[in-house]
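Trainee: I am new to this structure and would like to know how its terms are applied. Please show it to me and let me ask.

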Amino acid sequence: MRLAAFKGHTELSAGHLPQARTTLEGVLVALPASDRKQRSVVLGDLAMVEARAGRVGAACGLLEQALDQLAVTWYATGMERVREARRALAEWQERAEVRRVDDRLYSWSSTISTLQR
């Protein structure tokens with residue numbers, strides 16, 4: 001699974017969005033529920049795919065799922081991927097779904113949770 005996730009991230013980095021989406025969605029389906037750290041990374045990468053494709057609602061939904069995972073199991077790499085995907089949504093920052101992600105991303109509970117880990 002980790003190799004497939006790396007492949008999806010590489011496809012994303014190369015700008016091959018349809019291939020990255022297919023690869024990362026396959027990884028997400030196959031990942032065991034207990035692999036929360038990897039799930040947050042894959043969700044962040046999928047959110048970036050959707051952001052680059054201009055699918056703001058889908059990107060925000062994936063970011064919220066990633067933040068849910070990070071609230072249970074903190075992982076710096078997962079948070080890095082979430083922040084990267086959020087930056088890709090800058091042109092849509094006034095949309096309600098992006099503001100909702102921002103509220104979660106920058107809330108006090110996120111800050112406190114981060115400091116406790």
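**Terms and values**

Mentor: Start with L63: leaving aside its neighbours within four places in sequence, L63 is in contact with A47, V82, A85, R86, L89 and V101. Contact means heavy atoms within 4.5 Å. This is a predicted model, in which local features need pLDDT of at least 70 and side-chain atom pairs count only at pLDDT 80 or more, while totals for chains, interfaces and linings use all residues. Residues are numbered from 1 along each chain as its sequence is written, and side-chain values use heavy atoms, with hydrogens and water left out.

Trainee: Why is R86 called buried?

Mentor: Buried means under 20% relative accessible area, exposed over 50%, and partly exposed in between (1.4 Å probe, protein chains only). R86 has 8% relative accessibility, so R86 counts as buried. R86 lies in helix α5; helices (H or I, at least four residues) and strands (E, at least two) are DSSP runs, numbered from the N terminus. Leaving aside neighbours within four places in sequence, the contacts of R86 are L63, Q93, V98, D102 and L105.

Trainee: What makes L28 buried or exposed?

Mentor: The value for L28 is 16% relative accessibility, so L28 counts as buried. L28 belongs to helix α2, residues 17–30.

Trainee: Why is α3 called roughly antiparallel to α4?

Mentor: Axes are lines fitted to C-alpha atoms, for helices over the stretch in contact, and angles run from 0 to 180 degrees between N-to-C directions. The axes of α3 and α4 come within 8 Å and cross at roughly 165°. Angles under 35 degrees count as roughly parallel, over 145 as roughly antiparallel, 65 to 115 as roughly perpendicular and the rest as oblique. Therefore α3 is roughly antiparallel to α4. Residues making the contact include R39, L43 and A47 of α3 and A59, L63 and A66 of α4.
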